[in-house]
Structures are given as C-alpha cells and as structure tokens.
Amino acid sequence: MCEYLRGGAGEGPSGTAGRPSSLPAASDPSQSATPSQSATPSLSTVPEVTVPEAPRLALGVDLLGEFKNSGYSPPPFLVRRPDGQVIQMSRLLYLVATLINGIRSAAVIAELASADLGRSLGADQVRYIIAAKLLPLGLIAGPGAPAAPPTASPLLALRARGTLLPETGANVVAALLRPLFRWPAVLAVVVSVAAVDWWLLATHQLAIGLDQLLRDPATLLIVFVLSVASAAFHECGHATACRYGGARPGKIGAGIYLVWPSFFTNVTDSYRLSRAARLRTDLGGLYFNLIFILGMAVLYEATSARILLLVIAVTHLEMLQQLLPFVRFDGYFILSDIVGVPDLFARVTPILRSVRGKGRTDPRVAGLRRGARIAVTSWVLCVVPLLTITVGYLLICLPQINRALWRATVQQARLAGTAIGAHHYAIAALDAIGVALAALSVVGSLYIVIGLTRRAVILGLRWSADRPVRRLAFAVVAAAIAASLATLWASQGQFRGW
Amino acid sequence: MSASPVTMEELELESAELLPNRETLCCGGSYHPGNSFTQVGYGNTAQSGLVNVSALNGSFDNILSLGSGNIL
C-alpha cells in the first residue's frame with residue numbers, strides 16, 4: 001500500500017485507508033514545483049509521505065480568501081506562506097486547507113468539506129489532497145514537509161535587489177501620505193496637472209527649457225537627479241495606494257530590471273484586495289508622478305529655473321513608458337488586474353499550447369472566462385513576437401552591441417577624466433553616470449542572454465529526459481544555433497575592433 | 001438522495017499555482033542622460049527602447065555620448 005495515504009487508525013473504512021484504485025504509481029513530487037508549470041503534482045507524481053492523524057497547517061500560513069474579481073470561473077483562492085510566497089489554488093484545496101486545524105482528522109475534514117461542497121468527499125481523498133497537493137507546497141506541518149518549499153521564479157523579473165526602505169518604513173511613509181488618495185485631493189491634482197500641461201504646451205515654455213539644456217549640458221545633471229527622485233516618489237505612490245486599499249506594502253528598494261536600474265515596491269499583499277483597490281495600487285505610482293509634476297511647477301514658479309519644465313516633460317515620458325504592458329511596468333499590472341488574471345507571463349506557454357489544441361487544457365487557462373481568455377490571448381500574441389524579435393536582435397548583434405558599449409564606457413571615462421582636470425565637476429559627474437550606464441548595459445545584455453540560454457537548456461534537458469533520440473535532437477539543434485551565431489558574428493566582423 | 005461523490009479524476013484537476021511577488025517597478029534611469037540622449041552608430045537617430053540599442057543603418061560605435069559630448 002502506498003504510504004502517502006496512511007492516516008489515523010479508525011478514520012477510514014478500514015482504519016488505514018487504501019489508495020484509490022485509479023491512482024497510478026508514485027514518483028518524485030519535486031518535479032512539479034517548476035516555475036513554468038502548475039505547482040501541484042499530477043496523479044502520476046504522488047509523494048509517498050505519511051499524513052498525520054490530525055494534520056495542521058505550517059506555522060504562519062495565512063488563508064487570504066478568494067481572489068476577488070477574478071478572470072477565472074470559478075474564482076481561485078489565495079494562501080500565503082510565512083516566507084511571503086502567495087499560492088493561488090482551487091476552491092476544494094482551499095476548503096480542505098481551511099478545515100485543517102491540528103485537531104480534526106481526515107474523516108472529520110471530509111465530512112465538513114462534503115457538507116460545504118454538497119458532494120461526497122472521502123477521508124482517503126482528503127489525505128490525497130493533503131499529501132499530493134498541499135504538502136509539497138509547504139502548507140502542511142510535520143513529516144514530509146519540504147525543507148525548501150518551491151517558490152515562484154518568474155521570467156523577466158527584477159534582479160540584484162537591495163532595500164532602500166524596509167517594510168516598517170514603507171508603511172510609515174504610506175500612512176503619512178494616505179490622505180493624498182482621498183477623492184478631493186485626487187481631483188485637485190489631476191485638474192491642476194492638466195492646467196500645467198496646457199500652459200506648458202500653449203506657451204512653448206518647454207522649448208525654452210530645452211534651449212537652456214543645449215546651452216549648458218551640465219544642467220542635464222539636474223534633470224537626471226530629479227528624474228531619479230521622481231521614480232523614487234513613484235514607488236511611494238504604489239506603497240501608499242496599497243496601504244490606502246487596506247493591504248500592507250512591503251519594502252521599497254532598487255535593483256536591475258533587464259538592463260535598467262530600477263526602483264521597486266513589494267505590494268504582494270495587494271493580491272487579496274478587490275480589483276478597484278488593486279488598480280489603485282497599480283496607478284498609485286503614476287498619480288504620485290502627477291504630484292511630483294505639480295511640485296516642479298510650483299518650484300518653477302518660485303525660481304524661474306526653466307530646466308524644471310524639461311523635468312516635467314521627462315516625467316510625462318516616464319509615465320507613458322510605465323503604461324507599457326509587455327514588461328513588468330505598471331501597464332502590465334493594470335492589464336493583469338483589469339482581466340483578473342495574475343502573472344500573465346505564466347499564461348504564455350499554456351495559451352500557446354491551447355492554440356495547438358493538443359492534450360488536456362492547462363489548469364492555468366482552463367477556467368478563464370471568455371473575456372479574460374480573449375484579452376490574455378491577445379496579449380500573448382503581441383508579447384511573444386515582440387520579445388522574440390527583441391531577444392533575437394540582441395543575440396544576433398550581441399558582440400557588436402557590447403563592443404560599442406565598451407567603447408562608450410572607455411570614451412566616457414576619458415571625458416570624465418578630462419572634465420575633472422578642467423574642474424568641470426558637473427560634466428564629470430554626467431560622464432561618470434555615462435560610464436556606469438554603459439558598463440551596466442554590457443553586464444545587463446550578457447545577463448539576459450545567459451539567463452535565457454540557461455532556461456532554454458533546462459527546458460531542453462527536461463524535454464529530452466530519458467529519451468535518447470530527443471536528447472540527440474536537442475544537442476544537434478543547440479550546436480547548430482551556437483555555430484550559426486558564431487559564424488554570423490565572425491562573418492560580420494563583430495569580434496574585431498574592441 | 002445521496003450527494004454525488006467527488007471522483008479522483010476531478011481531484012487530479014484541482015490545482016495550485018505559485019504567484020510571483022507583485023513588485024511595481026520604476027526605471028528612474030529610463031530617460032536620464034544615459035538612455036535619453038543616445039546616438040547610435042554613424043548617422044542613426046537617437047532612440048530609447050526596450051533594449052537601449054539599435055543598429056538601424058550603421059555600426060554601434062560611439063553608442064553613448066553625453067556629458068562632455070552631448071549629442072541631442
């Protein structure tokens with residue numbers, strides 16, 4: 001008998017329940033916890049573990065309730081582990097999790113769940129749910145619990161992150177700024193910024209600011225510093241909106257997103273908010289950009305420093321950029337919350353598979369409502385070619401790009417040295433920023449290519465595991481791609497002139 | 001009338017999914033000097049994009065020029 005179904009004596013029809021006959025043999029459950037797949041194992045990957053007589057949830061597991069305004073039917077439910085990992089699960093799994101309290105046996109849980117469901121659920125099935133579905137996720141305490149529960153590893157995520165404002169500090173800031181989200185304040189800000197923009201465009205003041213920049217490039221340093229300040233304030237907006245909606249924002253920090261230095265705010269707790277509150281969290285950053293613009297307008301009124309008008313224009317451009325839905329900017333989360341589907345990138349593979357129409361529909365797309373499915377499919381059909389072309393272009397021109405970036409780094413360093421010698425410290429600072437950015441771009445482009453190659457190799461190895469013909473095909477294709485790229489780079493002289 | 005039993009096939013379809021952290025991002029450097037005012041190659045126009053490089057009609061030499069040698 002399979003050990004995973006061992007439960008408390010006297011609970012099942014025969015004391016220790018037997019494994020249902022429809023279940024195939026057990027195997028390694030760890031294979032299920034891959035970022036690209038649903039987190040629960042199939043029946044073919046049932047772990048062999050002992051289910052306690054009275055199972056209990058792992059310490060600190062938080063049952064968050066239904067994912068509100070979901071694009072799925074029926075809507076999924078959310079659970080948060082003590083390490084902060086949020087798990088979306090079906091109603092039945094959630095129902096069983098809510099009934100687990102360290103006192104109830106599997107039979108009692110089954111009885112209560114049956115009453116709630118209106119359908120008959122057996123004690124053996126409850127043990128199966130615990131052993132095969134909940135335990136591998138690190139939600140159940142006791143023997144068999146994974147030492148390192150699986151965590152999400154999303155594609156195109158922020159890397160090399162550091163903390164600027166810890167969770168406590170972010171919540172203090174958010175609490176202080178909360179009144180800014182009261183509707184009279186929002187209305188006043190939006191109307192005021194519209195007036196500022198109209199004035200800026202109608203009076204051509206922007207051209208004057210640009211003219212000043214051309215006459216004195218050192219003022220670009222001011223634009224840079226204020227642009228960074230605007231970005232930091234933007235993140236305070238997300239944290240404040242999250243807090244205003246009733247969730248607790250996490251830390252605010254900085255990291256590297258693709259090749260860009262980036263601020264971030266952890267608003268994972270907003271998963272449990274309503275759609276409106278989630279959207280407010282998404283838009284909170286842009287709203288704070290508007291407040292920043294107002295601040296710049298006021299400062300301009302006080303100082304007549306025309307460069308501030310350029311800062312206003314740059315902030316608008318940053319806001320537009322934030323609306324891009326194809327990378328993890330605000331536009332991505334806005335789209336995600338409008339359609340009620342979290343983690344759109346995780347839908348790419350299942351959507352493409354469902355288009356092929358082979359096999360059973362992946363649970364990540366099976367329950368999508370019609371509107372959500374159309375929206376997600378449209379997004380996938382846009383994002384896949386876009387990212388493929390971008391990454392493909394990066395690959396084809398990788399040495400050439402990095403040669404140019406390296407030359408730029410050297411050139412900027414030389415210019416910085418010259419500027420320091422001439423005591424032009426503002427210029428030198430700009431050049432130093434240029435050195436850092438060019439060097440960062442080199443590292444970032446290599447990081448993207450190495451990361452994607454690593455993922456492709458892992459997928460290839462998984463696809464060809466225990467299948468020699470597939471493994472050979474994978475090796476041949478990989479070698480052909482590498483050889484083609486090397487030949488292309490060499491024939492175009494991309495390795496010369498460093 | 002007894003309730004219909006939940007089948008093992010239905011249990012198999014019960015699923016859970018690890019959600020990534022919601023981390024709102026703001027690239028404060030997107031329009032700072034290094035990215036906003038970038039001349040690419042010989043005669044290419046300035047650009048900023050998903051990946052801040054371009055090879056429209058030339059090489060990538062002198063990809064960045066700012067500070068002492070701003071090109072707008």
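Modeller: Strands of a sheet pair through backbone hydrogen bonds, either parallel or antiparallel. Here four strands make an open, antiparallel sheet in the order β1(A)-β2(A)-β3(A)-β1(B). Strands (E, at least two residues) and helices (H or I, at least four) are DSSP runs numbered from the N terminus, and two strands pair if DSSP finds at least two bridges between them. This is a predicted model, in which local features need pLDDT of at least 70 and side-chain atom pairs pLDDT 80 or more, while totals for chains, interfaces and linings use all residues. Residues are numbered from 1 along each chain, chains are lettered from A and ligands numbered from 1 in the order written, and side-chain values use heavy atoms, without hydrogens and water.

Biologist: Which strands stand at the edges?

Modeller: β1 (62-66) of chain A and β1 of chain B each have a single partner strand, so one side of each lacks a neighbour in the sheet. Between neighbouring strands the average turn is 25°, direction ignored. β2(A) and β3(A) (residues 86-89) share four antiparallel bridges, and Val79(A) stands opposite Ile87(A) in β3(A).

Biologist: What packs on the sheet?

Modeller: α1(A) touches β1, β2 and β3 of chain A as well as β1 of chain B, and its direction makes about 140° with that of β1(A). Contact means heavy atoms within 4.5 Å; axes are lines fitted to C-alpha atoms, for helices over the stretch in contact, with angles from 0 to 180 degrees between N-to-C directions.

Biologist: Are Phe77(A) and Tyr94(A) buried or exposed?

Modeller: Both are buried (under 20% relative accessible area; exposed is over 50%, partly exposed in between; 1.4 Å probe, protein chains only).

Biologist: What average pLDDT does chain B have?

Modeller: Where pLDDT is low, the predicted coordinates should not be read in detail. Chain B averages 56, with 35% of its residues at 70 or above, on the predictor's per-residue confidence scale from 0 to 100.
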